[in-house]
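User: I would like to go through this model feature by feature. Please give the general idea each time, then the case at hand.

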Amino acid sequence: YDDFVRSFMFGAGRNGGHPMFHMSFGPNGTRYRYGNSYNPFATTNSNNNQAQSIYEQTVSIPLHELYTGVRKKRFRIKDGIVQRCRAAFRGEIGQQIAVQAMFTFMTLMVRTRHVWLSGAFSALLMYVNLPKVQKREIVADIQRGWKGGTKLKFNRVEPGISIVILLEEQRHDRYNRVGDDLQTDAVIGRTKAKNGCTLLIDHLVEGELPIEVKVKPGDLKISKRRRRKSTISTKPKEEEVQVIRVNGRGWPKKSGERGDLLIRVRIVSDKEALKHQERIRKRKIHKSL
């Protein structure tokens, strides 16, 4: 498409291209100059080492991949018209190209007096000169323990183009990260909470053994049931959420240590606890199919 626009404007030789541009700039668009050396169709300049297009893209990464790290993760770069314009103005080369397009529009208006045609071709010139990403994929390693908000910067991957990838944590169905800690939920019945039990918490990474957490009698507070003469809802009242902290089973740190695992325990009736376990069992079966 870019080659078509250039050939339509100037073509090959004196007889090719649109006559309006040859009348304004000469046979191949080389006669027009602003000052001594200004060329409105050139994207290079003395400040080329500073002005560039900076593509910024947010990529959602699964929580378990940030937890374990990934080797040679592929990132696909979006290069639509909107992304290309934003990247150019973000890296300050867009402002220079816009000035070039403005001078082109003014020159065409003086020479031809066609407002709409001059504006349309000035916009096309600006689009053609916007730096375009040729390499649509970038491969990089995700280090273990990286968090959402981490930026991967690739400077000068192509002439005049840099790429910034912002990592975003994908929502997990069982875990969420809180600082350097991992947080998950658990539901147990009143009898187990009173007599003590062993909680089996599924690991964040599939295939890893469950995390065993022993709950001793008295570790969890159980409020006494109170009968009310009149109730609005027949649903049994649930206990307040309590937190069990397991040291060293949380998010990996740069030092090699780990944060803590926070288990938000909700105590319900024994009947409701059995229903909850059955829902989890069916969910696992459906996920394995």
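User: Is Cys197 buried or exposed?

Analyst: The reading rests on relative accessible area, and under 20% means buried. Cys197 has 15% relative accessibility, so Cys197 counts as buried. Keep in mind that this is a predicted model.

User: What is the relative accessible area of Cys85?

Analyst: Cys85 has a relative accessible area of 27% and is therefore partly exposed.

User: How many disulfides are there?

Analyst: The rule asks for a pair of cysteine sulfur atoms within 2.5 Å. By this rule the count is 0 disulfides.

User: Where is Asp79 found, and which side chains does Asp79 join through polar contacts?

Analyst: Start with the position in the chain. Asp79 sits in the loop that runs between strand E2 (70–76) and helix H4 (81–90). Its side chain makes a polar contact of 2.8 Å with the side chain of Tyr55, and another of 3.4 Å with that of Arg84.

User: Why does Asp79 count as buried?

Analyst: The relative accessibility of Asp79 is 9%, so this loop residue counts as buried. With neighbours within four places in sequence left aside, Asp79 is in contact with Tyr55, Arg84, Lys132, Val133 and Arg136.

User: Which residues make the nonpolar surface patch?

Analyst: A patch is read as a group of residues, each with over 30% relative accessible area. Here Val99, Met102, Phe105, Met106, Val115 and Trp116 make a nonpolar patch of about 620 Å².

User: Which helices supply the patch?

Analyst: Helix H5 (93–112) and helix H6 (115–129) each give at least two residues. H5 has the largest share, with 4 residues.

User: Is Trp116 buried or exposed?

Analyst: The cut-off for exposed is over 50%. Trp116, which lies in helix H6, has 77% relative accessibility and therefore counts as exposed.

User: What is the phi of Arg156, and in which strand does Arg156 lie?

Analyst: For Arg156, phi is near 55°, again positive in a residue other than glycine. Arg156 belongs to strand E4 (residues 151–158). Its relative accessible area is 33%, so Arg156 is partly exposed.

Notes: Residues numbered from 1 in each chain as written. Predicted model: local features only at pLDDT ≥ 70, side-chain atom pairs only at ≥ 80, totals over all residues. Heavy atoms only, no water. Buried < 20%, exposed > 50% of the residue type's maximum accessible area, 1.4 Å probe, protein only. Polar contact = N/O pair within 3.5 Å; in protein donor to acceptor, adjacent residues only side chain to side chain. Contact = heavy atoms within 4.5 Å. Patch = residues over 30% accessible without salt bridge, like charges linked within 9 Å, V, L, I, M, F, W, Y side chains within 5 Å. Areas by Shrake-Rupley, 256 points an atom, 1.4 Å probe, with all protein chains shown as cover. Salt bridge = Lys/Arg side-chain N within 4 Å of Asp/Glu carboxyl O.
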